[in-house]
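Student: I would like to learn how to read a protein model. Could you take me through some features one at a time?

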There are 2 protein chains.
Amino acid sequence: MAPKCYLFISIMSSGGQLGRMLAASASLLNVQVNVLDVGADAPAKQIIASSSHIDGSFRDKEKILELASKVDVLTVEIEHVDVDALEAVRIAHPNVQIHPTPSTIRLIQDKFAQKQHLSLFAIPLGPFQAVEPTPDAIAQAVNDLGLPLMLKSRTMAYDGRGNYALHAVDSQSISSAIDFLGSGSRQLYAEKWVLFVKELAVMVVRGIDGTVISYPAVETIHKDNICHLVWAPIRLGGINEDPELPRKAERVAREAIEKGFEGAGVFGVEMFLLEDNSLLINEIAPRPHNSGHYTIEACESSQYDNHLRAILGLPLGSTRMKVGAAGMLNILGSSNSSSSMSSSLVSFSPDLLIDKLTYLALSTPGASPHLYGKAQSRKGRKMGHITVVGSSDAEVRQRMAPFSSPARTLPPHPLISIIMGSDSDLPTMLPAAQILQKHFPSVPFEVTLVSAHRTPLRLMSFAKSAAGRGVKVIIAGAGGAAHLPGMVASMTGLPVVGVPVDSKSVSGGGGGLGGVDAMWSILQMPRGIPVATVAINNSTNAALLAVRIISVGQPHLITQMEEYLNRLGDEVERKISVMGETGWGEYGKK
Amino acid sequence: MAPKCYLFISIMSSGGQLGRMLAASASLLNVQVNVLDVGADAPAKQIIASSSHIDGSFRDKEKILELASKVDVLTVEIEHVDVDALEAVRIAHPNVQIHPTPSTIRLIQDKFAQKQHLSLFAIPLGPFQAVEPTPDAIAQAVNDLGLPLMLKSRTMAYDGRGNYALHAVDSQSISSAIDFLGSGSRQLYAEKWVLFVKELAVMVVRGIDGTVISYPAVETIHKDNICHLVWAPIRLGGINEDPELPRKAERVAREAIEKGFEGAGVFGVEMFLLEDNSLLINEIAPRPHNSGHYTIEACESSQYDNHLRAILGLPLGSTRMKVGAAGMLNILGSSNSSSSMSSSLVSFSPDLLIDKLTYLALSTPGASPHLYGKAQSRKGRKMGHITVVGSSDAEVRQRMAPFSSPARTLPPHPLISIIMGSDSDLPTMLPAAQILQKHFPSVPFEVTLVSAHRTPLRLMSFAKSAAGRGVKVIIAGAGGAAHLPGMVASMTGLPVVGVPVDSKSVSGGGGGLGGVDAMWSILQMPRGIPVATVAINNSTNAALLAVRIISVGQPHLITQMEEYLNRLGDEVERKISVMGETGWGEYGKK
């Protein structure tokens, strides 16, 4: 059998879903993948037919050397590989490229060394220090870094394994920690406890020439130390979060990889966002990462496409999201069980939770279930994942609500923000909210007060953060001097719709002019900064205009708007027929 | 080795790319696929490891029965399969489900029978009739249907094989036709020559319960009778095309499959659009189709996902596009060659054209190359395809231009349409066009005249067709009575930006009012139909507002708009420093 392609790449696996997804990308380029993993039936081996797969452990030096003898490029899906074996490959097979490089893997294997190394390049990290696994040393670390204290194994720590949170400094607590972390058999270090607002991750791709590009920053939500949910892209939680956060997170992640590491491939950078809007890097993985699974359906090239391109020296692919928003939910095993054959057409696994989630995903528009083909389900084991895409955060949250409790309880990110200078404008602005609620229930909105003259700082925070919060259109109602719409438009790139309000009251300042004062103020914006002005007091039209604007990203809303227009026509038709039946004279009396 | 999933499905292959892509979908659900195809190394077999693949032809009854003995569900990727063998499977293995059903496959194998059958259900078809392969019978068919006449083999005709266009009725021409079509060994039929405006395709999914859903209609462009390019979704070619065309095409396709055929799975329905806006069905394939490859990257569930879901009786997936637009280009072999091993990291095949296209695709944002792993390249053979996604038609065309001559020569579909009632408005509206061209070159626009009062029918065609032509925002400038923006807004769901024009001339009708006449007319729209009004004569702001609106679907435009705002600020900063240096007195004299 003649090989049909020119490339061979190997994966050393463990668990195997990352290798499996990489193999799917490789098959699109007709790149042959050979896998080293235990068993003939490891997840990555299932979806690439090869007579050159190897049965063995990624810690078995002989097997690694055997694999290297068959390939051009060697990559890993787990950083706990035997680095000495990789160094031996370098000598035995000098033409085989290894990505990421053994030195990078060695650095990352030791979390303390990794942090020490990153600190050389002014990468933001929380306070940490080495600590001996003795009561005295740990007490000293508590003295230095405070309680609670995060004690971690320097090596072999992931998904919460090898981490211990010390909450008290008594000898009982300390000896429990030492017992949990392996009674001195492993080296430890201590991290200052970080009170974070949220957790972020950025996938970075490092090209063979050292170029780095990044995917959008995402929010990760962990449960029992295991990645549970991912929201992409990250959204600001409120108007006081730094509007630059998403860009800053990407920049910090790119810098860490660009300066800190060698070799090509994808790196997953996990970060904490603190109360003061600063970012700290938590951990780095030298490989595709759980927080980047969403890229398969949601980005122009996936993290697997790009890992492959990077290690083969091919041009890197676009990391841009091609959908408005995405969510990713891990499918974790609920019990210990192994699968067997069955003829059921809708039953995928012996784990009921997995069945249920998969079927829910199949029933949800925009959801793509990924099952990893693992023979054994174990409690907490990553058995698969579900990615959900949609045109907006709101749509993704709504689609994910049935199978994720956090999605169910979170308020939707508004697509339209309705603001006004004063609560006295509310009666005029209320019809905007009402028509959205009644006719366009899929478009979430918020209603709040922002006064240009009484809360100028809030005005700035509001305008600067709106796009980052996921808002697509701002409707601003104002009377009198009516500066609000124009000032907001000058501090955001979003479209702003202005509603001139007829301020009859003295407090509104424009009594007697019938809203013409506000109309001119909103309409006659200088060249460069437009406000979409609607008729005086006509907040209904502002809302309908906002829906038309949102239809640019959600074409089904155009159809909904045309149906709305047809209903307006039907209403007139009804009146025509009543007028015809009753006569204009009678009709006029009503 | 214990099987890890409960499902087995089989594919009878030929060429193998459809089976290969179906297998990729199956692996996500952990569904085991066994393939019957010639050779151990067929495309679909490469990406699913199985000890149960079968080496043999899809026309070999024994092999088909052997395959059936190993599976729960049998499906095909080619309709030229041995239907008698499928009938035999029914008897030998009554529990094996076969999709599509043998009767459907038999009907579709014979194109004449297919058309006769469809004509029973009032499905729109061009005139056709059976014809014996004799000179007299063919001359009679010419008499009935005219010249040129399309002569077709009833069976085994695809990608242009088995089709012959007869242009003259002399005996030499007729005998050439008979020779080409197989000297009477095959049954023939004749079709009236159809002068089509464009070719369309709709992928339809038929669920196991008979429910049908459809993907968006796409435009297909054939070269030498082979599908060459696909544009998704289809766009109207001009304001006179039927605005309902995309919906009508989907409806016709769904009806044909719903009424005409049995069994579950995906059907590809190819259609012609005629000059008079009517649609004719050309051919139907009972399987995933070349014109639906784009769905892998562009839709919420791909045609392969949905074929699998349909034949397994699982819930059907959403067919909605998740990107603004997509294009698909087939990679056809340019020469006869077979591949061999090489160590080059960027060379994928011995066919230079394939190498070149693949590398181009890797260098193009939003492009995904799919190579099928075929060992032999032949001239015209489908070796792979490239799908390109983008936020708009314009972006997809621009991305595809380097590797497709049709994409290069076609004018981009405009995202913004700038219209005005009279050419006397042009000087006022010109700055809109100029600022788009200068600062936002990625946003294509058109400029034309539409007069509410002098071309009311054009007004209606323009408004009704705008969304279908791919327009996202309409900018309408008008003076005097200024009905244009509001009337357009009443006949489309798109956002409309109105520019009040100060009509100084008598012809404009509003001389002396400084544009206030037009301003009130545009601004004071009734509740229900909004127009986004900008300052009098300020077409610059209309264009900038349109870009802000388009940013809803193209978030990178928000960043571009913020950069534009920053440049406005920089310009003022510069003036501040000049005023500071020269003093306000000097500055004021300039």
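Tutor: We begin with helix axes: an axis is a line fitted to C-alpha atoms, for helices over the stretch in contact, and angles run from 0 to 180 degrees between N-to-C directions. Helices (H or I, at least four residues) and strands (E, at least two) are DSSP runs, numbered from the N terminus. This is a predicted model, in which local features need pLDDT of at least 70, side-chain atom pairs count only at pLDDT 80 or more, and totals for chains, interfaces and linings use all residues. Residues are numbered from 1 along each chain as its sequence is written, chains are lettered from A and ligands numbered from 1 in the order in which they are written, and side-chain values use heavy atoms, with hydrogens and water left out.

Student: At what angle do the axes of helix α4 and helix α5 of chain A cross?

Tutor: Two packed helices are described by the angle between their axes and the distance between the axes. In chain A, helix α4 (residues 83-92) and helix α5 (residues 102-109) have axes that cross at roughly 170° and come within 9 Å. The two helices, α4(A) and α5(A), are therefore roughly antiparallel to each other (angles under 35 degrees count as roughly parallel, over 145 as roughly antiparallel, 65 to 115 as roughly perpendicular and the rest as oblique).

Student: Which residues of α4(A) and α5(A) make the contact?

Tutor: Contact means heavy atoms within 4.5 Å. From α4(A) come A:V83, A:D84, A:L86, A:E87 and A:R90, and from α5(A) come A:P102, A:I105, A:R106 and A:Q109.

Student: How is burial read, and is A:A122 buried or exposed?

Tutor: Buried means under 20% relative accessible area, exposed over 50%, and partly exposed in between (1.4 Å probe, protein chains only). A:A122 has a relative accessible area of 68% and is exposed. This residue sits in the loop between α6 (111-119) and β6 (128-131) of chain A; its phi is near 60°, a positive value in a residue other than glycine. B:N30 also has phi near 60°, but at 10% relative accessibility B:N30 counts as buried. Its loop runs between α1 (17-28) and β2 (32-37) of chain B.

Student: What share of the residues in chain A is buried?

Tutor: Of the 590 residues in chain A, 61% are buried.

Student: Which residues does a cis peptide bond join in chain A?

Tutor: One such bond joins A:L147 and A:P148, with omega about -15°. A:P148 lies in the loop between α7 (135-145) and β7 (149-153) of chain A.
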